[in-house]
Amino acid sequence: MNANYIKSGLAAVLIVAMSMSMFGCGDEKETSSQKNLDSATREQVAEIAVEDERLTGELENNKIIWMANWDINPDETGKNVPIELAIFQERYNGVIEYRKIDWTTRYDSLATAINSDEGVDFFPAGDMDAFPKGAIRGMFVPVDDYIDFNSDLWSGVKEANDKFVWNGNHYLIVNAVTGDSNAVIYNRTTVEEAGLTDPAELLEKGEWTWDAFEDMLVSFVDPDEGYYGIDGWWFEAGLSITCGTPYIGLEDGKLVNNLRSENVERVQNWMYELFTKDCVAIGVGDYGWEAKPTNIKEGKTLFYPCGLWALYSTPDQWQAEFGEDVFFVPMPKDPGADAHYIPCGLDAYVMVKGGQNPEGVAKFADCKRVTILNERAAELGLEQMYTDYGWTEEMVEMKAKMDEMALEHPIFDFYTGVTKDVTSILDSNENGIRSASKGTPWSESVAAIYTQIDAMLKEVNDNPVAGGDGDVSMN
């Protein structure tokens, strides 16, 4: 991997790792553990802010209000001031005011804020559950008046942004497509001691496939001796997307039900096969029904598919769970797919109804794009990655490779972003996307839920935007 690629590819890594750490629940008043840029770095950022001609105009109102369960500003995770925030501060004298909310009730909190006219400006969209339901319910507003996706600054992600058009409008600001939303985390010592080939080596050779993944699991798993296969609550959706077809797609502005797709059937049948071979740790033998990430460190579990947010913290935190020899690779390739599809994440957010400063949000978004495109900014971000998170060069390069793979074949599943009922049905262990890995044949699940999901999607397609100017709700 050449140096120029690493510099350009790292930008998306750093946007997520430095500013969108899922560990961040800090309060803006809690400053004792917050870090600031050293004077030399701050000086370089100031130069970038002045010299990059893609940053234009000024802001009359320099404050934007961010509501989330994590802070863009420095917090207790030990992260530094993100480079894009520093550029926003230097170029526009920008300030981000943080409104902390609980993740589990975040949409209720946002609805209350909107109905109370609190002027919240923007909200995270990376969880893939904000769109299109936030547009349908009138919680979010189109961004087209503020972002020019054909400009030099945004053309590189225009294709990605065009995948989130609803009722003729762009509702998301996608700064970057990332490959870190669901990776296969493992411990290299465990793999070596089991006499298995490192998945990173298999990936390099083009041999990291479902077959290789399954072979390693079958070889390792022995519940009677306390050795287990796949742990965690996120692997089904991650493996599913590798077939190249989402459960719920979006085509020509309409939601599409793909539950009867041959591709979906293939991946679900494979996950059922993994269940029959005791490759799924949860519920097998004495494992129980709780995820045990420390088993990766202890060599008891082979794979822990999870978002790389699990490693976006100081080394003492992630090493306590996964060990010093932890590594990760993308989800394995479906041998029947036409490309190596992997779960795609988003560095993205939405503009909130009633926001007081959409221009400020757009300028901050411009700063994030400059962080990606400006080589000097990417270099500064690379220094932060090593300093704050203690990642090795090999880890950083793998993350950059995964981002490249995601951007090359961007694919998104909207099953969590339609309605609560659609999500509840499809996310269940009974007849949803997780049921095959828990022992229910996919044919039974499809027979039970297909017609119901079809009717729900039709209702949404026929009524793309809630009417009236009354109070909003996600219910």
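These legends describe close-up views of a predicted model.

**View 1. Helix 15 spans residues 375-389.** Its 15 residues reach 21 Å from the first C-alpha to the last, close to the 21 Å expected at 1.5 Å a residue. Ala-377, Ala-378, Leu-380, Gly-381, Gln-384, Met-385, Asp-388 and Tyr-389 are buried. They lie on the same side of helix 15, because they cover an arc of only 155° around the axis. An α-helix has 3.6 residues a turn, so residues three or four places apart point the same way.

**View 2. Phe-131 and Pro-132 are joined by a cis peptide bond.** Omega is about 5°. Pro-132 sits in the loop between strand 3 (122-124) and helix 5 (133-136).

**View 3. Asp-117 has a positive phi, near 55°, and is not a glycine.** Its loop runs between helix 4 (106-115) and strand 3. Asp-117 is exposed, with a relative accessible area of 57%.

**View 4. Asp-252 is a non-glycine residue with a positive phi of about 50°.** Asp-252 is exposed, at 83% relative accessibility.

**View 5. pLDDT stays under 50 over residues 1-9 and over residues 14-33.** Beyond four places in sequence, the model has 13 contacts for residues 1-9 and 77 for residues 14-33. Where pLDDT is low, the predicted coordinates should not be read in detail. The mean pLDDT of the protein chain is 90, and 90% of its residues reach 70 or more.

Methods: Residues are numbered from 1 along each chain as its sequence is written. This is a predicted model: local features need pLDDT of at least 70, side-chain atom pairs count only at pLDDT 80 or more; totals for chains, interfaces and linings use all residues. Side-chain values use heavy atoms; hydrogens and water are left out. Helices (H or I, at least four residues) and strands (E, at least two) are DSSP runs, numbered from the N terminus. The expected span of a helix is 1.5 Å times one less than its number of residues. Buried means under 20% relative accessible area, exposed over 50%, partly exposed in between (1.4 Å probe, protein chains only). The arc is that of the directions from the helix axis to the C-beta atoms. pLDDT is the predictor's confidence in each residue, from 0 to 100. Contact means heavy atoms within 4.5 Å.
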